[in-house]
Amino acid sequence: MSTQQLSTQRQAYLYLAYPKLWREQYQHIFLGPPHNANLAAQQHQQQLYQQQMAQRNAALEHQMAQRRAKKPTDRNMPDGIEDLIVGDAVQQYKELREVEKKLDYTIMRKRLDIQDTMNRNVRRQKTMRIWITNTCENQPWQRPALDENSFDFESGAESTYRVKIEGKIIDEDETTDEADEMDVDGESDAAPTKEAKSPPPKKFSSYFKAISVENDKNRQNPNLNIDPTTQVEWKKTPQSQEFDCFEFQRKGDENQNVTISLVRDEPVERYRLSQALANTLDMEEADRAEVVMGIWEYVKAMGLQEDDERRHIFNADAFLFPQVAERIMPHLHPLPPLKLQYTIRVDQEFQSVEPQPTIYDIKITTDDPLRSRIMAITSSSQTAQNLRQINTIDEQLAVVIQAIQHHKAKHTFYKNFNRDPVGFLKKWHSSQQRDLSVILGEMERGDVAGLEFAKGGSDGVWGSDIVGEAVRYKLARGEAMRG
């Protein structure tokens, strides 16, 4: 039996015993490859439709761009129109236009000033007042007297103290007054829809990224075994909640001196300047941008572009100014934490009367408080709406001015025709001849051009395809201008 016969018998056996398996292996031999013609046709039609829609949208976008480009923008009254209008309306309009130009100039100058102020990143030094107090509980002098007949000399309670650290910016009132003055200067006749509210002041912890309290005994004896329960340390994390009061409780029945370390949290990292750079710029702390700007202002003020008076600071005879940002790095050092000394008092003499807090005033660098107000004004939805309304009125005004120009042209046409009809028609006939020559793209040829111009009908030049296309273009251009 041949191989072909075995294959045929195998196909028949599979067809009778396992029809599903036969369809998977041999159906393509008899019925051809499986395909879905309807699905392919639908996909092809969908692709064609998408291409047509894309082309249509591109054409519409091109037409809209052409219309926007052809929109009238001239809002100046045509010359000589005041002779045709009764009254002084034209003069009043011109005066309003002059006032508008001055107002636009003032607004643009103010806007540039605001942008310059925002880009300069103006920062202010504010004073923060910190109050440190402590209370105590279950101290030996606070416990009741022990029973002398009892053998238990333990009171059952441990002596503890609680320290509270609070801070507040004391310059907030002055900032609020300045903001209120700005609001008064900028108020308008229109009643505001919603009363502007000042942002809430920042909390005490927002100005620091770490707070630690260290016992002076532990600091003076670093090899001493320190009880971890006496350590106090807080570090800011993204999940940390802001607070106005930092409070902790520890065990102790003796007065002790502690050092409170506050690590400042600056939005833009600030550095402590080296002594040579600090003497030159007359500042102890600054960020990189302030250092570069300070050096540039010092160089310009002192005329040191070609002088070597201060070049010893950077250990170079000559260098380009763009290299300053790189050369100042050795002179920028991390800011040391603020150190506040405090004595925890648990004795009866101090606690029996109302304890007086220990007060420190420290300088904190913050953003300009008027920055948020300016941002609220410039980026408000009401400002954007007003600008859109002004733009719409300007477009309508330009359309009105264009209509006035058209009416003036018509008035001039009829006035000249009334003054000298024959001469005006001759001039108009000559003008049409020149227009025809321009349309045909040919130079005038004496009387021939006149004959071509005078001839009408389908055989005339006015019935040619070139003139028809030019006229259709002119009409389409006029409709686009009106649209």
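Visitor: In S2, what is the bridge partner of Ile132?

Guide: This is a predicted model, where local features need pLDDT of at least 70 and side-chain atom pairs count only at pLDDT 80 or more, while totals for chains, interfaces and linings use all residues. Numbering runs from 1 along each chain as its sequence is written, and side-chain values use heavy atoms, leaving out hydrogens and water. Strands S1 (residues 123-137) and S2 (residues 160-169) pair in the antiparallel sense over 10 bridges; two strands pair if DSSP finds at least two bridges between them. In S2, the partner of Ile132 is Ile165.

Visitor: Which strands stand at the edges of the open sheet?

Guide: The sheet has 4 strands in the order S5-S2-S1-S11, with antiparallel pairing. Strands are DSSP runs (E, at least two residues; helices are H or I, at least four), numbered from the N terminus. Two of them have a single partner strand each, so one side of each is left without a neighbour in the sheet: S5 (245-251) and S11 (358-367).

Visitor: Is Phe424 buried or exposed?

Guide: Phe424 forms an edge-to-face pair with Phe413, 4.8 Å centre to centre and 80° between the planes. Rings of Phe, Tyr and Trp (its six-membered ring) pair if their centres lie within 6.5 Å, with planes under 30 degrees apart stacked, over 60 edge-to-face and the rest tilted. Buried means under 20% relative accessible area, exposed over 50%, partly exposed in between (1.4 Å probe, protein chains only). Phe413 is partly exposed at 36%, whereas Phe424, at 14%, is buried.
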